[in-house]
Amino acid sequence: MRIFHRYLAGSLLRGYLPVLAFFLSVFSLLAFIEELDQVGKGRYTLMGAGEVLLLTLPSRFVLLAPFVALLGSIMALGGLANGRELLAMQASGVSPYQIAGGVIKVVIAFILIVVCLQEFVSPSLGQQAHLTRYMALSNTRAYQGEEGLWFRDGTRYVRIQKVMYGEIPQGIDIFEFDKEGNLKVYLHAQEAEIEDPHRWTLKNSKKTLISGLNFSKEYVSRMDWEPPLNQEEMKLLTLPTSLLAPSDLYKYIEVLQRKKRNVLKYELAFWQKIFMPFTTGLM
């Protein structure tokens, strides 16, 4: 029976892989053609378009998974039926339920791959592609480093380590220098609440004032702050719901519900992501 399951799994994989390769190639080519329309605008280059295409490949795989499962299964089982192999299996004592069980094992493995990509791989790479593309096309002064996004306003520098749930900046560091280049003020905030793009509320802030060799510290639970970000730079801190992992969407919906805000858009995106693996299994 173990040999039978291995053979059936191999047949299904031989059906899935050509379909997956075909769909990924076609849809990646179409996506690349769309990106070519933007090449040359701002700092967006052909190399940048290729990078964005590769970073969005896992998202494309998840989106195409139901179609790959359907057509791949039809090709694999159709090939076994045309070769009379399914008939030979039943003649050797293998029941239709055992054949279905072997197919289900492969399907479960495929669904787990889709779930892992959707939760752990696709969101981070998709967000990186989104930031890379937007920063190249816009005239923003922002810089994307390994430790977050950097912004500059005169002698003031701002670093945002990450954007939780696609809308909540976290790990905010503000450095203010004098004209001689000496650090005068350093402020670190755990996160920011953005009700107004021109006025943020920094939470759990630690402010350090530096004067020569002397410094003083001040802790503030909530404080208002006017960010030096323009409209284009503010868009960097707002990610589309399609780039968020299901777990992040679920947690953010809870946060918005506690604040009594509209969550319909996020609930729709959450359930679409939740049903994607089940749709793949049904196919």
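Predicted model: local features only at pLDDT ≥ 70, side-chain atom pairs only at ≥ 80, totals over all residues.

Biologist: What volume does the second largest pocket have?
Modeller: A pocket is an open set of points on a 1 Å grid over the protein atoms alone, where a 1.4 Å probe fits and protein lies on both sides within 12 Å along at least five of seven lines. Grid points are joined across faces, edges and corners, and the volume is the space filled by probe spheres set on those points. For the second largest pocket, that comes to about 470 Å³.

Biologist: Which residues are closest to the centre of the second largest pocket?
Modeller: Lining residues have an atom within 4 Å of a point. The second largest pocket has 22 of them. The closest to its centre are Gln127, Gln161, Lys162, Val163 and Leu239.

Biologist: Now the largest pocket. Which residues are closest to its centre?
Modeller: The largest pocket has a volume of about 640 Å³. It is lined by 26 residues. The closest to its centre are Ser59, Arg60, Leu63, Ser242 and Leu243.

Biologist: How many nonpolar residues line the largest pocket?
Modeller: Ala, Val, Leu, Ile, Met, Phe, Trp, Tyr, Cys and Pro count as nonpolar, Asp, Glu, Lys and Arg as charged, and the others, Gly among them, as polar. The lining has nine polar and four charged residues, and its nonpolar residues number 13.

Biologist: In what order do the strands form the sheet?
Modeller: Two strands pair if DSSP finds at least two bridges between them. The pairing is antiparallel, and the sheet is open. Its seven strands follow the order S1-S2-S3-S4-S5-S6-S7.

Biologist: Which strands stand at the edges, and why is one side of each without a neighbour?
Modeller: An edge strand here has a single partner strand, so one side is left without a neighbour in the sheet. The two edge strands are S1 and S7.

Biologist: Which residue in S2 stands opposite Gly145?
Modeller: S1 and S2 pair in the antiparallel sense over three bridges. They form a hairpin with two residues between them. Opposite Gly145 stands Gly148.

Biologist: Which residue in the hairpin of S2 and S3 takes a positive phi?
Modeller: S2 and S3 pair over five antiparallel bridges, with Phe151 opposite Val158. Two residues lie between the strands of this hairpin. The positive phi, near 65°, belongs to Gly154.

Biologist: How many bridges join S6 to S7?
Modeller: S6 and S7 form a hairpin with two residues between them. Thr201 stands opposite Asp224 in S7. The strands run antiparallel, and the bridges joining them number eleven.

Biologist: Is Arg84 buried or exposed?
Modeller: Arg84 is found in the loop between H3 and helix H4 (85-91). Its phi is positive, about 60°, although it is not a glycine. Buried means under 20% relative accessible area, exposed over 50%, and partly exposed in between (1.4 Å probe, protein chains only). At 55%, Arg84 is exposed.

Biologist: What is the relative accessible area of Asn204?
Modeller: Asn204 is found in strand S6 (residues 199-211). Phi of Asn204 is near 50°, a positive value in a residue other than glycine. Asn204 is partly exposed, with a relative accessible area of 46%.

Biologist: Which residues does Thr238 touch, not counting those up to four places away in sequence?
Modeller: Thr238 lies in the loop between helix H6 (231-235) and helix H7 (246-258). It is partly exposed, at 43% relative accessibility. Contact means heavy atoms within 4.5 Å. Thr238 touches His130, Gly166 and Glu167.

Methods
Residues numbered from 1 in each chain as written. Heavy atoms only, no water. Helix = DSSP H or I, 4+ residues; strand = E, 2+ residues; numbered from the N terminus.
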